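Visitor: I have a structure open and would like to talk it through. Could we begin with the overall fold and then turn to the details?

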Amino acid sequence: MADIHKLASGGVYDPKTLNQLSDMLESIWIEVGGSLSQQQSTDGSDSPRTVIAKSLLYHSAQGHRDAATLRALVEQALRRTHPKVRF
């Protein structure tokens, strides 16, 4: 299971940002459903939870901090890799 703190270990994120991203990861994960935890993408890439975590870290590193913007970017990433995920 993706833990945002482990994935962020190579980057520079302050504790407040990491906690906010972790909270967003959990919130989005609850919305898309834990039942998807074992679902793999059609192309063999990361699980939905890992896609969420990586997307949050990537877009945060790009300067996006607004929760609504981050959520929209995560949704786009999930739709590309896991088309069956519903929001």
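Visitor: How many helices and strands does the protein chain have?
Guide: The secondary structure comes to four helices and zero strands, where helices (H or I, at least four residues) and strands (E, at least two) are DSSP runs numbered from the N terminus. Along the sequence the pattern reads α-α-α-α. Please note that this is a predicted model, in which local features need pLDDT of at least 70 and side-chain atom pairs count only at pLDDT 80 or more, while totals for chains, interfaces and linings use all residues. Residues are numbered from 1 along each chain as its sequence is written, and side-chain values use heavy atoms, with hydrogens and water left out.

Visitor: What share of the residues is buried?
Guide: Of the 87 residues in the protein chain, 44% count as buried. Buried means under 20% relative accessible area, exposed over 50%, and partly exposed in between (1.4 Å probe, protein chains only).

Visitor: And the accessible surface, what does it come to?
Guide: The protein chain has an accessible surface of about 5,200 Å², and carbon and sulfur atoms hold 51% of that. Accessible areas come from the Shrake-Rupley method with a 1.4 Å probe; for residues, only the protein chains shown count as cover.

Visitor: What does Val-32 touch?
Guide: Setting aside residues up to four places away in sequence, Val-32 touches Ile-52, Leu-78, Val-85, Arg-86 and Phe-87.

Visitor: How do H2 and H3 pack?
Guide: Two packed helices are described by the angle between their axes and the distance between the axes. For H2 and H3 the angle is about 145 degrees and the axes are 10 Å apart. Axes are lines fitted to C-alpha atoms, for helices over the stretch in contact, and angles run from 0 to 180 degrees between N-to-C directions.

Visitor: Which residues meet there?
Guide: From H2, the residues are Thr-17, Leu-21, Met-24, Leu-25, Glu-26, Ile-28, Trp-29 and Val-32. They meet Pro-48, Arg-49, Ile-52, Ala-53, Leu-56, Leu-57 and Ser-60 in H3.

Visitor: Why is H3 described as largely enclosed by the rest of the structure?
Guide: Because 11 of its 14 residues are buried. Among them are Thr-50, Ser-55 and His-59.

Visitor: How far does H3 reach from its first C-alpha to its last?
Guide: Helix H3 (residues 48–61) reaches 20 Å, close to the 20 Å expected at 1.5 Å a residue. The expected span of a helix is 1.5 Å times one less than its number of residues.

Visitor: Take Ser-55: why does that residue count as buried?
Guide: Ser-55 counts as buried because its relative accessibility is 7%. Not counting residues up to four places away in sequence, Ser-55 touches Leu-73, Val-74 and Ala-77.

Visitor: And His-59?
Guide: His-59 has 16% relative accessibility and therefore counts as buried. With residues up to four places away in sequence left out, His-59 touches His-64, Leu-70 and Leu-73. The C-alpha atoms of His-59 and Thr-69 are separated by 9.2 Å, at 10 residues apart along the chain.

Visitor: What follows H3?
Guide: Gly-63 does, with a positive phi near 105 degrees. Arg-65 is found in the loop between H3 and H4. Beyond its neighbours within four places in sequence, Arg-65 is in contact with Thr-17, Ser-60 and Leu-70. Arg-65 and Thr-17 are 48 residues apart in sequence and 8.8 Å apart in space, C-alpha to C-alpha.

Visitor: Finally, which residues of H4 are buried?
Guide: In H4 these are Leu-70, Leu-73, Val-74, Glu-75, Ala-77, Leu-78 and Thr-81. Their cover includes H2 and H3.

Technical notes. Contact means heavy atoms within 4.5 Å.
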